[in-house]
Amino acid sequence: AGKGKGPERKPLSLERTKGSEILFGLAPCGLALARARRALFRLFLKEPRGGSGRPVRAELALQAAARGVPVLHVPGRALDSLCRGRPHQGVCLEAAPLPFRSLRDAEEPRLGHGESERRQLLWLVLEHIQDPMNLGALLRSAYFLGVDRVVATHSNSCPLTPIVSKASAGAMEVFDVYSTDDLQGFLKAKSAEGWEVVGTVSRPEDVEDVPVISCSEFRWDRPVIIVIGSEGQGLSLETQLQCQQMLAIPPGRALHPGLDSLNVSVAAGILLHSICSQRRRHGD
């Protein structure tokens, strides 16, 4: 038994780079290698059985070598241990954490010359999204649907962890995520610049002092910020009051109590698609 454990222990006995984390899964590791937005230390690949590995993993090894990242071939159980039993697909990557970008350092997107370009800007703002699976799914949808920028609250939000990267199918590795420590001040400033700030709500009866409309009624005719709150709490009252209107997704049936809302990332996907479908129409 001791003989079998020798090679398994070897990669884990190598000292981890201080402050590093372990990315896992083909998409997060592949995109992190391709974009190299963070420091990359070592790529761990599952040892091939019968002498031939999967072509995708061989491609990752070539990518890593081209970037000067050491490649270690290890048993599957060693990978399980590295990523604590999460679904690694035979690939782990030791890397520096990916921080939020500061809005203070961000270049403002160029609005272009005509009103049509101004109207097409869409930002997604996330208030207190703490679940890493939800955050990853939100980033994946935002990237796919063409959101121009994602901004998260700095406090009470999930950091950009390997679990978020996996849940985003690697979108986190290619899509900048900004943070703000003054959400209300940020929304107030964007509103003063002519942006429309639109909140989201699952139960319209919970909202006071802000008009609530169905997402299908929303007309996108200027730069827009969609603000999404946490699954349990929704948007804070302070944030709701910065919104010009609130969007709701009308249910397709009378809902059973306790089954009266959507997962936050699913709701965001529906709302974003409802708005982004207007982008295609404007482009005609």
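Which residue in β8 does Val-150 stand opposite? In the predicted model, Val-150 stands opposite Val-177 of β8. The model is a prediction in which local features require pLDDT of at least 70 and side-chain atom pairs count only at pLDDT 80 or more, while totals for chains, interfaces and linings use all residues. Residues are numbered from 1 along each chain as its sequence is written, and side-chain values use heavy atoms, with hydrogens and water left out.

Strands (E, at least two residues) and helices (H or I, at least four) are DSSP runs numbered from the N terminus; two strands are taken to pair if DSSP finds at least two bridges between them. Strands β7 (residues 149-153) and β8 (residues 177-180) pair in the parallel sense over 4 bridges. Both belong to an open sheet of 8 strands with parallel pairing, ordered β5-β8-β7-β6-β11-β9-β12-β10. The edge strands of this sheet, β5 (101-102) and β10 (212-214), each pair on one side only. Helix α6 (residues 132-145) lies across β6 (122-126), β7 and β8 and runs at about 175 degrees to β6. Such angles run from 0 to 180 degrees between N-to-C directions, with axes fitted to C-alpha atoms, for helices over the stretch in contact; contact means heavy atoms within 4.5 Å.

A further open sheet has 4 strands in the order β1-β4-β2-β3, with mixed pairing. Because β1 (21-24) and β3 (71-74) stand at the edges with a single partner strand each, one side of each is left without a neighbour in the sheet. Neighbouring strands here are turned against each other by 25 degrees on average, direction ignored. Strand β2 (residues 40-46) and strand β4 (residues 91-95) run antiparallel and are joined by 5 bridges. Leu-40 has Ala-95 in β4 as its bridge partner. Helix α3 (residues 55-66) packs on the sheet, touching β2, β3 and β4, and its direction makes about 160 degrees with that of β2. Helix α2 (residues 26-35) lies across β1, β2 and β4 at about 45 degrees to β4.

The structure holds 1 cavity of 30 Å³ or more. A cavity is a set of points, on a 1 Å grid over the protein atoms alone, where a 1.4 Å probe fits but cannot get out; lining residues have an atom within 4 Å of a point. Volume is the space filled by probe spheres set on the points, which are joined across faces, edges and corners. The largest cavity has a volume of about 40 Å³ and is lined by Phe-100, Leu-126, Ile-129, Leu-135, Ala-152, Ser-157 and Cys-158. By class, this lining has 6 nonpolar, 1 polar and no charged residues, where Ala, Val, Leu, Ile, Met, Phe, Trp, Tyr, Cys and Pro count as nonpolar, Asp, Glu, Lys and Arg as charged, and the others, Gly among them, as polar.

How values were computed: 1 Å grid on protein atoms, 1.4 Å probe; cavity = no way out; pocket = protein on both sides within 12 Å on 5 of 7 lines; lining within 4 Å.
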